[in-house]
There are 2 protein chains.
Amino acid sequence: MKVARRGFLKGAGIAAGVGMAAPAVAQALPEVKWRLQSSFPKTFDLLYGGAETFARAVLDATDGKFQIEVEPPGTVVSSLDALDAVQKGTIEACHTALNYYWTKDPTFALATAIPFGMNARQQNAWLYHGGGNELVNEFLRDYGCIAWPAGNTGCQMGGWFRNELKSSADLQGLKFRIGGFAGKVWQRLGAVPQQTAGSEIAQALQASTIDAADWVGPYDDEKLGLVTAAPYYYYPGWWNGGEILHLVINFDKWNALPKQYQAVATSAAAFANLDMQARYDAANPGAIKRLVAAGAKLRAFPQEVLETSFKAATELEKEIADTNPKFKKILDAYVVFRNDEYLWWQVAEYNYDNFMIRQRAKG
Amino acid sequence: MKVARRGFLKGAGIAAGVGMAAPAVAQALPEVKWRLQSSFPKTFDLLYGGAETFARAVLDATDGKFQIEVEPPGTVVSSLDALDAVQKGTIEACHTALNYYWTKDPTFALATAIPFGMNARQQNAWLYHGGGNELVNEFLRDYGCIAWPAGNTGCQMGGWFRNELKSSADLQGLKFRIGGFAGKVWQRLGAVPQQTAGSEIAQALQASTIDAADWVGPYDDEKLGLVTAAPYYYYPGWWNGGEILHLVINFDKWNALPKQYQAVATSAAAFANLDMQARYDAANPGAIKRLVAAGAKLRAFPQEVLETSFKAATELEKEIADTNPKFKKILDAYVVFRNDEYLWWQVAEYNYDNFMIRQRAKG
């Protein structure tokens, strides 16, 4: 590979003095200090850890010159105001799920995960080599931001239910703690989406104030202690086939960075992306074993519930696309890519996993 | 997050001169030039591209100071001698599949992919957060190297067969172009592993010199033009559930790098790892559609063939482990991790993919 050799450091050197070991003189790179607020509480260490992985990688790759202070939600603004704070330049960056901002525009949901979207690997294919990152960043220009994928949870669980679900009839009036864009789909299914703070979910389930609650997956869910109050643990979380977390940066602050720091940050974000997925994949097996030992009853959503949900999600997306050209532009590209991905996935990957799962079950 | 602030650059500054804009004086980082030989021909641009992605990320993140020249196989040594050249320090690094060196010690196979091993995401979990990288690097110390994952193909195809396989009886005497550790398993199944250069496979199949040939997956295989001579395209490639490519570095050269460059290289390797997988996942769907249009007949290996192969692979691994403690140490850790991974995988991920595949097939 021929690599372009940037020459601007050349000529900045001065001849070494005679009889002394002079340090080379170079255009020293600037010391840059940023604040990065995470949208995830420290308790959820893998989510919060994505920003830490990123910041540490940047620090080490710049010999301590580019310092990014990672702060928990509430340090500057609330979790859901992080994007606004980045847009205004109050903080330089945040680590967040862009679908938290779907009420500004449902297009935000497409950047993170949509119901029946791609799985985590397919999303990376779309983002890095299918035009996804470019589409997301084109959209984010109106919010004065630029963003890079920096973490993924993998396919999530569908949540904890007090009672078993036999069919979509059981969804009527179901008080389900679920937020965001996915809540809109559940609403169409007859459920009543609830807003409940993470720390209050267990109590709300025990008091029957809510019937069910969605969170993330085994490793994170274990911390909420829901197994006694709502033992039916459903899968898959079809509204989060692979939730992408983003590192969101103020556009002007990004452009003011030296190219070198931009390159460092780009690699570091990809590292954080891969690393968070690896951590979840390493942590979830132990967690699900502990949860089952504690009484969790694993249940697959009935096929009919999944099909009804797929229909409702597709209809909702179509309706939004009819009136929102930004949403339509990304959705159209996304769906074509997704369908091609699953056409290929069913060949080698799926059959491999299928055999391995059956083989393991046989012992 | 409290980030340790390295202070060694402080105190190296000199007071800015009066009346002139003096460049800051710092301990300039050294210009480092490395040679990195790829074990993959340029024709296979995604495999070869892994090293280029790495080198470009390192170059940009060091403002052009750490220059890694990527060279194709044969520039210094042959593809399969790359590891030796790195060990001797003839070149600083190579980008290779460590299982190419399995004849030195079958433990090398465990670093890349073993029959019925983990899928690509699970491998990342094991490598980065399950102790895998540490085990691989402990083993590589005897070869004077250190290595980082820097690419993955995902689950491969099983290859091109002139005739359909009905059962494992059809494997008896089958002249199968397959190399490495996997060839030993095929040998146990009754096949006769063949060594055939990539450029000669199509001709060998046409002349019936061989009966079948394994390569990688749709995107790479398309370039060999095997569809006419051997139209049965089998899946999954159970000996490559997710082939890891490694960036292998001479241990002393690595230790001689400034810490900053080590950090840059670590992030860049992870970036290359994620990026190659994303490229394969983006490129394979189009390729398999073109191959099927050109006459490829997709066939799943019969369940009985898979089960017989699983048994043969497990026996072979056990035999090696009985006499090779290095192999045993890594294998034991790997198998425990794999079984836990698939216990979890069968819950959310697999069921999600299952539904999405069925839904797509319905249109």
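1. B:Phe116 counts as buried, at 1% relative accessibility, where buried means under 20% relative accessible area, exposed over 50% and partly exposed in between, with a 1.4 Å probe and protein chains only. This residue has a positive phi of about 60 degrees although it is not a glycine, and its place is in the loop between helix H3 (107-112) and helix H4 (120-129) of chain B.

2. This is a predicted model, in which local features need pLDDT of at least 70 and side-chain atom pairs count only at pLDDT 80 or more, while totals for chains, interfaces and linings use all residues. Residues are numbered from 1 along each chain as its sequence is written, chains are lettered from A and ligands numbered from 1 in the order in which they are written, and side-chain values use heavy atoms, with hydrogens and water left out.

3. In chain A, the loop between helix H3 (107-112) and helix H4 (120-129) holds A:Phe116, a residue that is not a glycine and yet has a positive phi of about 60 degrees. At 1% relative accessibility, A:Phe116 is counted as buried.

4. The peptide bond from A:Tyr235 to A:Pro236 is cis, with omega near -10 degrees, and A:Pro236 is found in the chain A loop between strand S9 (232-235) and strand S10 (244-250). Helices (H or I, at least four residues) and strands (E, at least two) are DSSP runs, numbered from the N terminus.

5. In chain B, the bond joining B:Tyr235 to B:Pro236 is cis, with omega near -10 degrees, and B:Pro236 has its place in the loop between strand S9 (232-235) and strand S10 (244-250).
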